[in-house]
Amino acid sequence: MMSFKHNNMKDLATKLEKVCATYTDPDVVVAVEGMQGTFVDLPAIAKLKERYGFTLFVDKAHSMFALGPRGRGVADHFGIDLSVIDVHIATLGKTLAAVGGFVAASKSVLDRVSSKSLYFAFRRPRVPHHPRRPRLVYPAPRRTPHPSP
């Protein structure tokens, strides 16, 4: 895993060039999230995506429903077609004060997310509960009489 300097497209381009020169057909994912209080230079990242062909993953938790003329987030703000972004994710708690979130992507990505996510892991049946099991692991403390003054 490699990271690039915050909003530094020259650093990102340098690292992409290095990876592409080192590996044949590398799997490169550029993930964008916005907790720094600045806008990502999404137009520049879109140009780099055209050149290097990486997968673009954008976390819209802070921009969804808040940025752009239609409220579609940072891509809408810059007038970039949403199809440029391969994976859109967001939690609904940041901009809507709601519970939940979403992942919008191709069917193959969604199939992988649904089979590997923690939600899927916790949907499986659990070991049946036995009321005596906690007593065996954590015995109740014994009461000791307090000394009289």
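This tour goes through a predicted model, one selection at a time.

Residues are numbered from 1 along each chain as its sequence is written. Local features need pLDDT of at least 70 and side-chain atom pairs count only at pLDDT 80 or more, while totals for chains, interfaces and linings use all residues; side-chain values use heavy atoms, with hydrogens and water left out.

**Confidence.** Colour the protein chain by pLDDT, the predictor's confidence in each residue, from 0 to 100. The chain averages 77, and 75% of the residues score at least 70. Helices (H or I, at least four residues) and strands (E, at least two) are DSSP runs, numbered from the N terminus. Helix α2 (residues 42-52) has the highest mean, 91, and helix α6 (residues 133-137) the lowest, 45. Select residues 132-140: pLDDT stays under 50 there, and the model has 2 contacts (heavy atoms within 4.5 Å) beyond four places in sequence.

**Core.** Next, select Leu16, Val30, Leu42, Ile45, Leu48, Phe54 and Leu56. Of the 21 residues in the largest nonpolar core, these touch the most other members. Such a core is a set of buried Ala, Val, Leu, Ile, Met, Phe, Trp, Tyr and Cys residues joined through side-chain atoms within 4.5 Å; buried means under 20% relative accessible area, exposed over 50%, partly exposed in between (1.4 Å probe, protein chains only). Two or more residues come from each of α1 (9-22), β1 (29-32), α2, β2 (55-59) and α3 (74-78). Centre on Leu42, which touches Leu56, Val74, Ala75, Phe78, Ile80 and Ile85, leaving aside residues up to four places away in sequence.

**Strands.** Show β2 and strand β3 (residues 87-91), which run parallel and are joined by 3 bridges. Strands count as paired if DSSP finds at least two bridges between them. Phe57 stands opposite Val87 in β3.

**Salt bridges.** The structure holds 5 salt bridges (a side-chain nitrogen of Lys or Arg within 4 Å of a carboxyl oxygen of Asp or Glu).

- Asp11 and Lys15 meet at 3.6 Å, N to O. They are 4 residues apart in helix α1, so about one helical turn separates them.
- Arg51 and Glu17 have their closest N and O atoms 3.5 Å apart. This pair links helix α2 to helix α1 across 34 residues.
- Arg70 and Asp76 come to 2.8 Å. Arg70 is exposed at 59%, whereas Asp76 is buried at 5%.

**Last stop.** Select Asn7, in the segment before α1. Its phi is near 55°, a positive value in a residue other than glycine.
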